[in-house]
Amino acid sequence: MWEILKSWRTPESSGKSKEGDNLSPAEDRRNLRVQSVNFKDLNITAEPSDDELEEGTEAAHQAGASSVPTSTGAAPPGRSTSLPLRASRHRSERSQLVIIMVGLPGRGKTFLCNKLVCYLSWLGHTTKLFNVGSYRRLQRGEHEVQDAAFFGRDNEKGRETRQRALYAALEDLQDYLAAEGQVAIFDATNTTEERRRLLVQRFHGKYQYIFIESICTDQSVLEANYRFKMRYSPDYVNMDEDKAVEDFRQRIKNYEEVYEPITDRNLHYIKLIDMVTGRAHLDINRISGYIPGKIVFFLMQVCKAGMTQKRKIWLTRHGESIY
């Protein structure tokens, strides 16, 4: 496995070039290729150090100066004007992943995010959740009310506040990955193609990223989700449950007016349909890699079990005991 991590050169630069075509040390350096191997979440790269390149070039000059020229100007048989470089140094880096949630409110996105944080952390991957709703609440003024009207497409002030929350969350997310983080989960609705393009432009070329879209069409499940959410949502503290549910439904209608499900097959995404019912199916598109593969496996188990079904937990105590 480790043999392929040694530096190597193209056949043209390894002494098998055409007759009379001897490459200079500079050309030999340019032909040096850097190889990398992916193992689980590690990206291991082999590259020559500056000292090794200088040594190889200097040795090549000395060899060229000591060679005896022939009438054709080529080096004698068995002599080479360049020396192969030594084994390269190895640099290992952990691949970084951004998980971007997509879906209308009340579809179990935050619940799923918390489950993924626990699962990926248990696997040994440093994972952190960035919930844009929490940043939005921090942007709230002293007497500002963030009710359903706040999320309307015509509410300019509400849109500005949501944009500030978005960029604040993105900055913290990138600071986290630049410091010590490996996996970041970006929890927001991200319901429009424009928003998703913005996120792709932000992450492309820097991190691996995948979208996870949650869709639910079962109205009885949605109603149960809404009422459960109202008991713990910071947006509806000290509000009558029925009034809170009605306001939440209106908020969802505002999102439905602009909602655009993921249809672009060029994106890397996992689409969960009716996940919370236990009768779900997954649409998996362009997903590859160690951590994304683990996420798919985990989501398959969640979808199979369902999120709203009551389950029994059996605790057994086995072995002999004197107590």
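I began with the secondary structure and counted 9 helices and 11 strands in the protein chain. I note here that the model is predicted.

Of its 323 residues, 41% are buried. I then checked the contacts in the chain with a separation of 6 or more, and 70% of these join residues 24 or more positions apart. For the accessible surface I have about 19,600 Å², with 50% of that area belonging to carbon and sulfur atoms.

I listed the buried residues of α3 as Lys-109, Leu-112, Cys-113, Leu-116, Val-117, Tyr-119 and Leu-120. Just after α3 I found Gly-124 with a positive phi of about 105°.

My last entry concerns Asn-190, in the loop between β8 (183-187) and α6 (193-203). Is Asn-190 buried or exposed? I put Asn-190 down as buried, because its relative accessibility is 0% and the cut-off for buried is under 20%. I then looked for what surrounds Asn-190. Leaving out residues up to four places away in sequence, Asn-190 touches Ile-100, Met-101, Val-102, Arg-195, Arg-196 and Leu-199. For Met-101 I also noted a distance: a polar atom of the Asn-190 side chain lies 2.6 Å from the backbone oxygen of Met-101.

How values were computed. Residues are numbered from 1 along each chain as its sequence is written. This is a predicted model: local features need pLDDT of at least 70, side-chain atom pairs count only at pLDDT 80 or more; totals for chains, interfaces and linings use all residues. Side-chain values use heavy atoms; hydrogens and water are left out. Helices (H or I, at least four residues) and strands (E, at least two) are DSSP runs, numbered from the N terminus. Buried means under 20% relative accessible area, exposed over 50%, partly exposed in between (1.4 Å probe, protein chains only). Contact means heavy atoms within 4.5 Å. Accessible areas come from the Shrake-Rupley method with a 1.4 Å probe; for residues, only the protein chains shown count as cover. A polar contact is a pair of N or O atoms within 3.5 Å; within protein, one must be able to donate a hydrogen and the other to accept it, and residues adjacent in sequence count only if both atoms are side-chain atoms.
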